Amino acid sequence: MPNTRTPTGFALLIRTDGQFRLIDWPANDADHLKILYAACDADHIDAVRITDALTMWLDDEGMINEAGPNLGATRLYALHRQPHQLYYGHALFTGGADADGNTLGLTSDEAAHLVEMHLTAGRTPTQRTGN
């Protein structure tokens with residue numbers, strides 16, 4: 001039977017080693033928790049609201065279970081708000097919530113912007129010379 005799920009957007013996974021990938025965010029709300037738990041490799045998930053249109057999902061016990069610090073996720077958070085802690089474990093970024101509280105996916109433009117921010121966060125561009 002063919003897969004009839006239609007993605008309504010994307011989610012950006014940033015792993016503790018800095019690797020990232022875009023994940024389809026399906027229209028079916030019943031699949032969201034399954035995706036969150038699998039992507040974050042966690043049994044307990046916590047949402048960190050960054051802006052009205054951006055949410056970061058993490059392992060709620062990441063620090064306790066030694067998931068490792070996620071410098072990429074912490075830097076992305078810091079580009080939006082003053083950081084108050086280091087985040088641990090794999091992080092999944094989605095959009096905000098709709099009027100009913102359902103988690104929205106990122107648009108392709110939002111996802112591309114977050115990827116660009118992830119790739120350049122904390123790096124100061126240097127001028128290239130012919131030498």
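User: In this predicted model, is the crossing of α2 and α3 left-handed or right-handed?
Analyst: The model is predicted. Helix α2 covers residues 71–80 and helix α3 covers residues 108–120. The crossing of these two helices, α2 and α3, is right-handed.

User: Which residues make the contact between α2 and α3?
Analyst: From α2, the contact takes in Gly-72, Leu-76, Leu-79 and His-80. On the side of α3, the residues are Leu-114, Met-117 and His-118.

User: How many of the residues in the contact of α2 with α3 are nonpolar?
Analyst: No charged residue takes part in the contact of α2 with α3. Three of the residues there are polar, and Gly is counted among the polar ones. The nonpolar residues number four.

User: Are α2 and α3 roughly parallel or roughly perpendicular to each other?
Analyst: Two packed helices are described by the angle and the distance between their axes. The axes of α2 and α3 come within 9 Å and cross at roughly 110°. Angles of 65 to 115 degrees count as roughly perpendicular. The two helices, α2 and α3, are therefore roughly perpendicular.

User: In what order do the elements of the protein chain run from the N terminus on?
Analyst: The protein chain has three helices and five strands. From the N terminus on, their order is β-β-α-β-β-α-β-α.

User: What percentage of the residues of the protein chain count as buried?
Analyst: A residue is buried when its relative accessible area is under 20%. The protein chain has 131 residues, and the share that counts as buried is 38%.

Definitions and conventions: Residues are numbered from 1 along each chain as its sequence is written. This is a predicted model: local features need pLDDT of at least 70, side-chain atom pairs count only at pLDDT 80 or more; totals for chains, interfaces and linings use all residues. Side-chain values use heavy atoms; hydrogens and water are left out. Axes are lines fitted to C-alpha atoms, for helices over the stretch in contact, and angles run from 0 to 180 degrees between N-to-C directions. Helices (H or I, at least four residues) and strands (E, at least two) are DSSP runs, numbered from the N terminus. Angles under 35 degrees count as roughly parallel, over 145 as roughly antiparallel, 65 to 115 as roughly perpendicular and the rest as oblique. A crossing is left-handed if the near helix is turned anticlockwise from the far one by less than a right angle, and right-handed if clockwise. Contact means heavy atoms within 4.5 Å. Buried means under 20% relative accessible area, exposed over 50%, partly exposed in between (1.4 Å probe, protein chains only).
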